[in-house]
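Trainee: Before we go through the model together, could you set out the terms that you rely on and then take my questions in turn?

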Amino acid sequence: MQYDFVIVGAGFAGSVLAERLATQAGKTVLLIDKRPHIGGNAYDCLNEDGILIHQYGPHIFHTNSPEVMAYLSQFTQWRPYEHRVLASVDGQLLPIPINLDTVNRLYGYSFTSEELADYFQSVGEPVDEIRTSEDVVVSQVGRDLYEKFFRGYTRKQWGVDPSQLDKMVTSRIPTRTNRDDRYFTDEFQCMPLHGYTKMFEKMVSHSNIHLLLSTDFKEINKQLSYKELIYTGPIDEYFDYCYGKLPYRSLRFDHQTLEVSDYQPVSVVNYPNDHAYTRITEYKKLTGQEHPKTSITFEYPQGEGDPYYPVPRPENAALYRQYKLLAEHQENVYFVGRLGTYRYYNMDQVVAQALTLYKKLVGMESLQETIQS
Ligand code: FAD
Ligand code: UDP
């Protein structure tokens with residue numbers, strides 16, 4: 001059969017586009033993923049003990065976009081959840097992002113917010129131009145806090161020193177002089193009530209969408225007949241690495257179930273300096289599930305493996321631009337998503353990007369129209 005669209009990848013980018021094209025534009029879609037499941041990296045499932053875990057590490061939904069929120073709310077109810085993270089530093093579990101309590105407890109001070117602002121002023125090292133992930137932190141909180149909370153974590157996570165990474169990586173983590181210990185300050189913060197996979201199931205179950213799992217697009221492309229292609233896998237792989245490989249950072253997930261009901265005080269504890277892993281996640285504290293046992297995941301950063309993180313560095317951005325130029329000259333082929341556009345995007349940003357592409361594909365006027373139609 002000839003499809004209007006083949007979509008490669010059933011993560012957020014691919015599933016949003018499949019849903020819109022099938023249900024709103026009446027297009028026929030073949031949605032392919034090489035993994036045996038939908039949801040991409042946001043996939044969650046019950047493990048053998050019946051605990052809901054995130055197979056590819058903790059996914060916390062947060063957004064400032066009412067449009068994205070309204071769009072996804074068609075497919076799931078939500079559980080209110082504000083994410084809080086502690087970092088294990090010098091034998092204590094301290095709030096990260098760094099806030100008033102972090103500094104007072106770490107050094108035994110009793111600063112007020114105003115005093116902390118002055119303290120940051122005195123220890124921050126001014127930089128002419130904030131270019132790197134080191135500059136961001138050292139200029140705000142000085143070298144000691146940088147070493148304790150950021151340098152080790154970043155070197156583990158990215159395999160390079162923060163001085164070699166674009167400022168946008170550590171800029172994701174703010175510095176606060178108040179006691180707000182939430183990881184995010186977005187207007188909407190919540191988790192899909194029955195999990196991400198259930199939400200994806202609702203998105204892609206439509207008679208116009210044919211789902212093909214455990215199938216690599218490369219293996220079957222020649223046998224397929226379609227008018228347009230949407231590609232959400234790695235853009236360099238699509239072009240057979242003709243300009244060389246784009247670096248991606250990978251992770252090894254060590255999932256464990258413990259015979260105790262409670263493991264750590266919050267859902268995520270970061271380990272900036274100790275251990276080979278960067279963080280431990282305890283899922284019940286994200287999902288609200290009650291269970292006599294508890295499941296946790298250790299994340300071990302890796303150079304090789306599934307591509308999870310585009311690496312924001314100037315030379316990688318330059319290499320991506322070469323692929324992007326090639327992509328722009330393809331007819332009826334569109335690249336979208338974290339891997340398709342080599343961007344360190346959160347889930348909501350990928351949803352917004354996919355809705356924008358849909359709007360372009362069908363020539364619609366406004367994003368608002370896309371959601372309400
Ligand atoms: P993906 O989810 O990667 O989907 C791409 C899909 O394409 C994959 O399923 C892949 O199997 C498939 N594919 C690739 N090549 C082929 C091929 N040749 N043939 C067939 N299929 C193919 N975001 C947040 O907002 N909050 C968080 O807390 C958060 N935590 C994260 C934690 C980790 C450890 C990671 C790695 C990411 C996290 N993210 C988080 C980011 C989030 O995972 C992404 O923004 C989102 O999942 C990207 O969706 P996507 O569709 O672009 O890509
Ligand atoms: N980071 C850090 N220490 C921390 C938390 C974050 O150094 O305790 C840095 C690190 O470089 C990390 C980046 O900030 O990769 C972004 O953190 P975030 O929690 O957003 O990472 P993600 O959830 O995307 O893995």
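Mentor: Buried means under 20% relative accessible area, exposed means over 50%, and partly exposed is what falls in between, with a 1.4 Å probe and protein chains only. This is a predicted model, in which local features need pLDDT of at least 70 and side-chain atom pairs count only at pLDDT 80 or more, while totals for chains, interfaces and linings use all residues. Residues are numbered from 1 along each chain as its sequence is written, chains are lettered from A and ligands numbered from 1 in the order in which they are written, and side-chain values use heavy atoms, with hydrogens and water left out.

Trainee: Is H275 buried, partly exposed or exposed?

Mentor: H275 sits in the loop between β13 (268-270) and β14 (279-282), where helices (H or I, at least four residues) and strands (E, at least two) are DSSP runs numbered from the N terminus. Its phi is near 70 degrees, a positive value in a residue other than glycine. The relative accessible area of H275 is 46%, so the residue counts as partly exposed.

Trainee: And which class does S214 fall into, buried or exposed?

Mentor: S214 belongs to the loop between β10 (209-212) and α7 (217-220), and it too is a residue other than glycine with a positive phi, near 50 degrees. Because its relative accessibility is 52%, S214 is classed as exposed.

Trainee: Why is the chain said to be as compact as a globular protein of its length?

Mentor: The chain has 13 helices and 17 strands. The globule rule is 2.2 Å times the number of residues to the power 0.38, and the radius of gyration is taken over C-alpha atoms. For 373 residues that rule gives 21 Å, so the chain is as compact as a globular protein of that length because its own radius of gyration is close to this, at 22 Å.

Trainee: Which residues does Y308 touch, leaving aside those up to four places away in sequence?

Mentor: Y308 lies in the loop between β15 (294-302) and β16 (309-310), and a relative accessible area of 8% makes it buried. Y308 and R338 are 30 residues apart in sequence, yet their C-alpha atoms are 8.6 Å apart in space. With contact meaning heavy atoms within 4.5 Å, the residues that Y308 touches are R35, N41, Y56, R249, S250, L251, F253 and R338.

Trainee: Which element gives the most to the lining of the second largest pocket?

Mentor: On a 1 Å grid over the protein atoms alone, a pocket is an open set of points with protein on both sides within 12 Å along at least five of seven lines, a cavity is a set where a 1.4 Å probe fits but cannot get out, and lining residues have an atom within 4 Å of a point. The second largest pocket has 19 lining residues, with E328, Y334, F335, L357 and K360 nearest its centre. At least two lining residues come from each of α10 (314-328), β17 (333-335) and α12 (347-362), and the element that gives the most, with five residues, is α12.

Trainee: Which residues line the largest cavity?

Mentor: The structure holds one cavity of 30 Å³ or more, a volume being the space filled by probe spheres set on grid points that are joined across faces, edges and corners. The largest cavity has about 30 Å³ of space, and its lining consists of I98, V136, V137, Q140, F150, I173 and T175.
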